[in-house]
Amino acid sequence: MTDPSDDARALRRGLRAVARAAAGLLLGALTAVMEIMLLAAAALLMAYALAFSRGQRAVPRVVADGARRLTELERRRLALLGESGAAEYGPLRALAYLVLRVPVGLLGGVILGLIAYGVGIGAELAVSWWITGDYLDGIRPAWWIVLYTAIAGAVLLFLAVQGLVGVAALERAVARRCLGPSPLAEYERRIAQLSVTRAEVVDAVDDERRRIERDLHDGVQQRLVALGMLIGRARRAGDQEKASDLLRQAHEESQRALEDLREVTWRVYPAALDGEGLRAALESVAERSAVPVAIGYDVPGRPPHAVETAAYFVVCEAVTNAAKHSGARRVRVEVAGSGTMIGVRIEDDGTGGADPSGGGLAGLARRVAALDGTFAVHSPPGGPTVITAELPCG
């Protein structure tokens, strides 16, 4: 059975996505009008340039600058539609993109206009039926007329929304085709990226092994050496009272060694992450932290195992650094996402100055990069320190 709160959050996310898409398409219709004017002027200027440039294909500077500015405006608008990929284009590709997207933008504007017109007619009809009594077009609100109108309106609204979804997808496809890198360049970039991340994963594993070795050597091993010395002194003690005191100290030392060993094993991999999931593992981090940690968790369902593991270690390392090095009095952890992306944000009120190239943070960056995620550290002197990670789930 699904949690009603998860359903409500999913509904809110869906409504926000629809509102962003509608705003993006409305802006696209407005920019399409600007682009028509630019293209009309560009056609005249380029015809003039071709006529007087002895056959050389030169794009006038004013046309190139206008095309670049409008294309950059379109790229910012496309972020509302969920498109934020890399772009590689010159003046000719920018002009080609504007030529192709103008009809798409106008189509989106037409669909939005039809939706607005339909909503207005529906509201006017409802007002005439049940408020003013004027009966629009002399149509009285018989039950079968109301039912027919409601069904027809729902079908038309569904078709219009599907049209908006199709226009948004077409906007993204045109942008990728005209502005994105070529398939060969994309494959080469991806191969280079995978080669780098594979090497970074190997380095991260080696760093983790060295850290575990240090924890065992400097913590658990020293405790066990002290424990052995206490037991040896107790065996050689001639006084029963002194032997009992040494055994008591040995027992306390064994408890501390056990706590250190549990801490090391917990940092290697928390058992709660497999059993109860990321939320329970993060709550355990908060309970074991030396500073108060507030956890905000808004992730529907359970993310993939690799994403959970990376998110956990990002939070664990950030909280540990805040407690040990920053002098923070409180830490706020936010984990939110959808089915495609998990965002992690850790903020503390410490002194700041964290070094992103340090061993722990650099290892986290490599771990996140191995999942094609992004990792960032903002820690000005005086604080606050904010660590963010974006982890794709697909």
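Is E72 buried, partly exposed or exposed, and what is its relative accessible area? E72 is partly exposed, with a relative accessible area of 29%, where buried means under 20%, exposed over 50% and partly exposed in between (1.4 Å probe, protein chains only).

These legends describe a predicted model, in which local features need pLDDT of at least 70 and side-chain atom pairs count only at pLDDT 80 or more, while totals for chains, interfaces and linings use all residues. Residues are numbered from 1 along each chain as its sequence is written, and side-chain values use heavy atoms, with hydrogens and water left out.

View A. E72 pairs with R75 in a salt bridge whose closest N and O atoms are 3.6 Å apart, the term denoting a side-chain nitrogen of Lys or Arg within 4 Å of a carboxyl oxygen of Asp or Glu. Because E72 and R75 are three residues apart in helix α2, about one helical turn separates them. R68 forms a salt bridge with D65, with 3.8 Å between the closest N and O atoms; R68 is partly exposed at 36% relative accessibility, and D65 is partly exposed at 28%.

View B. The side chains of R279 and E283 meet in a salt bridge at 3.9 Å, N to O. R279 has a relative accessible area of 45% and is partly exposed, as is E283 at 38% relative accessibility.

**View C. A network of salt bridges.** The linked residues are E35, E74, R77, R101 and E171.

How values were computed: Helices (H or I, at least four residues) and strands (E, at least two) are DSSP runs, numbered from the N terminus.
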